[in-house]
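This report goes through one protein model. Keep the sequence and the 3D view open while reading.

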Amino acid sequence: MFDRLVDALTDAARRLRRVERRELAAFARWVENTDNLVHLSVLLFVPLLIAVVTELSNVVQRFSFLLFPPLASGTYTLFANPEGEYSEPVRFVAGLTAGAACGWAALRIEALLFDGGGEVLVTPTAAAFSILLAGVVTWGFGVEEPSAFSSALLVLAAPERPALYVGFIFAGSVIVAAAFAVWRRQFYQQRAELLYGTMRADDHVLVPVRGDDPRRTALFGARLAAAHEAGKVVLLDVVSDERVAEAEHSALGSPTPIAPDDGGFSDIDDPEVESAAVEAAERLDRLASTIRTRVGIPCETVVTSGDPLQSVRETVTATNCDLVVTQYEEDRGLLSEFVRSVFRFPVDAVAFRPSTDRERWRRVLVPVARPGDSAHAMVDFATRLAGRSGSVSVCTCIDREVERRRAEERLADVVETVDGPVETRVARSDVLQFIEANADAYDLVMLGSSRDRSPASRVLSPPTFEKVRDLDCDVAVVDRADVGRFGRDRIGGN
């Protein structure tokens, strides 16, 4: 009875951990979208910083509420657009302080000109003059800041001690600007390395050797892996006969094969089997040698028999691979069941469709429908392939001209985290027509798998990669890992 209770509690805890990992993975994918990251930062940091400034300003109770409008709006401006025109810490501090100082000066000038006795007055003239003076000063010194006009007006509400208000504005803005500068430099500008999964991983690439000419697919996977110092390629050859698998494995001289499910291999006593195995082993070894010499990264070979999908699952786990690059396959005009199943694995995957004899891809076109983890993955892979001497074009298509500015901002968020020559293009065109019209200028078109769309949407409008035909360049279809099946402990189907 006690043992059954312990087993039940252990099983419940294990399930809870799996759910927790899955939710954390989904959240990580969500926050890879720069818009989501910025909004989350606004929700977290603006209230926190205002609370800190309020606590410090409470030493003078009368002034605490007067600091809220300029500091709150200014803090939001900083975090909501971290790379924008008004998101420079020096401009923020100088603008708010100059605005408050201009309001104070307007009070003094109003008192001297119209009262004669130096008494501070608050009149419509003082309000207008403070705004005018703030505009002239901030414009003249290049520190224009929207919140400066708020501080210029609010200082008029503290006519007895305006100098102290200016001091509080300066101190509060320095605190906010310092916190923003640290956040932007240490987190926002480093978000690619901190948050984007493909930039931290996807350096151990498994390539199932399939089809009549797997050479270009293997080289494609090797070029992706070579971008990371720890990159390596694993070539997987799956044969139907377990005797051929054992013979091929022996011919390769590998230490231990990945055994089939029925356990063990049989003895080889058939010359024809051994001859076919030796031929396959030589072909696989030549392909591995090509990768080692041309790309300059380690390349392992694995031979197994049985179901291809199960073999891929087991090899991913056994060799610690985090990216599968397979040849693009179709069945009656649609994506084959093998490739669709690979796309459902809890590791990133790329289906490569060669249309040319290229073995290097220097010019890459990346059409992006929406920002998010898939867009970042495609751009990351594209820059890996292009290298420093190549070029990447990231594009999106719009229906109306009024969408252009917002589309340009989305593309800027996607590409600003990668190095290398990257251009952005916004086309008022159908995406399929755009790709067909421009594909001949590129070596590779990199598309998303569209698995984030609903099944109904995919039926009504098939994915772009299924509609693109007869291009004068190669095509790669990128699929991010299924976070619903997150966890290496799940990959083997256990």
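The side chains of Arg294 and Glu359 form a salt bridge, with N and O 2.4 Å apart. A salt bridge here is a side-chain nitrogen of Lys or Arg within 4 Å of a carboxyl oxygen of Asp or Glu. Arg294 lies in helix α12 (residues 271-294) and Glu359 in the loop between β7 and β8 (363-367), so the pair ties together parts that are 65 residues apart in sequence. Arg294 is partly exposed at 48% relative accessibility, whereas Glu359 is buried at 18%. Buried stands for under 20% relative accessible area, exposed for over 50%, and partly exposed for values in between (1.4 Å probe, protein chains only).

## The model and its numbering

This is a predicted model, in which local features need pLDDT of at least 70 and side-chain atom pairs count only at pLDDT 80 or more, while totals for chains, interfaces and linings use all residues. Residues are numbered from 1 along each chain as its sequence is written, and side-chain values use heavy atoms, with hydrogens and water left out.

The protein chain has 19 helices and 12 strands. Helices (H or I, at least four residues) and strands (E, at least two) are DSSP runs, numbered from the N terminus. Of the 494 residues in the chain, 48% are buried. The accessible surface is about 23700 Å², and carbon and sulfur atoms hold 55% of it; such areas come from the Shrake-Rupley method with a 1.4 Å probe, and for residues only the protein chains shown count as cover. Among contacts (heavy atoms within 4.5 Å) with a separation of 6 or more, 78% are between residues 24 or more positions apart.

## Other salt bridges

How many salt bridges does a search of the whole structure find? The search finds 16. One of them joins the side chains of Arg210 and Glu329, at 2.6 Å from N to O. Arg210 is in the loop between β1 (204-208) and α10 (215-226), and Glu329 is in the loop between β4 and β5 (330-331), so this pair links parts 119 residues apart in sequence. Arg210 is partly exposed at 23% relative accessibility, and Glu329 is buried at 18%.

Arg400 and Glu403 form another salt bridge, and their closest N and O atoms are 3.3 Å apart. Arg400 is exposed, with a relative accessible area of 52%, while Glu403 is partly exposed at 25%. Salt bridges with shared partners also join Arg215, Arg294 and Glu359 into one network.

## The sheet

Strands of a sheet pair through backbone hydrogen bonds, either parallel or antiparallel. This model has an open sheet of 10 strands with mixed pairing, in the order β3-β2-β1-β4-β7-β12-β11-β8-β9-β10. Two strands count as paired if DSSP finds at least two bridges between them. At the edges stand β3 (299-305) and β10 (422-427), each with a single partner strand, so one side of each has no neighbour in the sheet. On average, neighbouring strands are turned by 25° against each other, direction ignored. For such angles, axes are lines fitted to C-alpha atoms, for helices over the stretch in contact, and angles run from 0 to 180 degrees between N-to-C directions.

## Strand β7

Is strand β7 (residues 348-353) enclosed or open? Six of its six residues are buried, so β7 is largely enclosed by the rest of the structure. Asp348, Val350 and Phe352 point one way from the strand, and Ala349, Ala351 and Arg353 point the other way.

Strand β4 (residues 323-327) runs parallel to β7 and is joined to β7 by five bridges; Gln327 stands opposite Phe352. Strand β12 (residues 474-479) pairs with β7 in the antiparallel sense, also over five bridges. Here Ala349 faces Asp479, and Val350 faces Val478.

## Nonpolar cores

A nonpolar core is a set of buried Ala, Val, Leu, Ile, Met, Phe, Trp, Tyr and Cys residues joined through side-chain atoms within 4.5 Å. The largest has 48 residues, and those with the most contacts inside it are Phe220, Val233, Leu235, Ile291, Val366, Leu444 and Met446. Helix α15 (residues 373-386) gives the largest share of this core, eight residues. A second, separate core of 34 residues includes Tyr328, Phe345, Val468 and Cys473.

Helix α15 lies across β4, β7, β8, β9 (391-397), β10, β11 (444-448) and β12, and runs at about 160° to β11.
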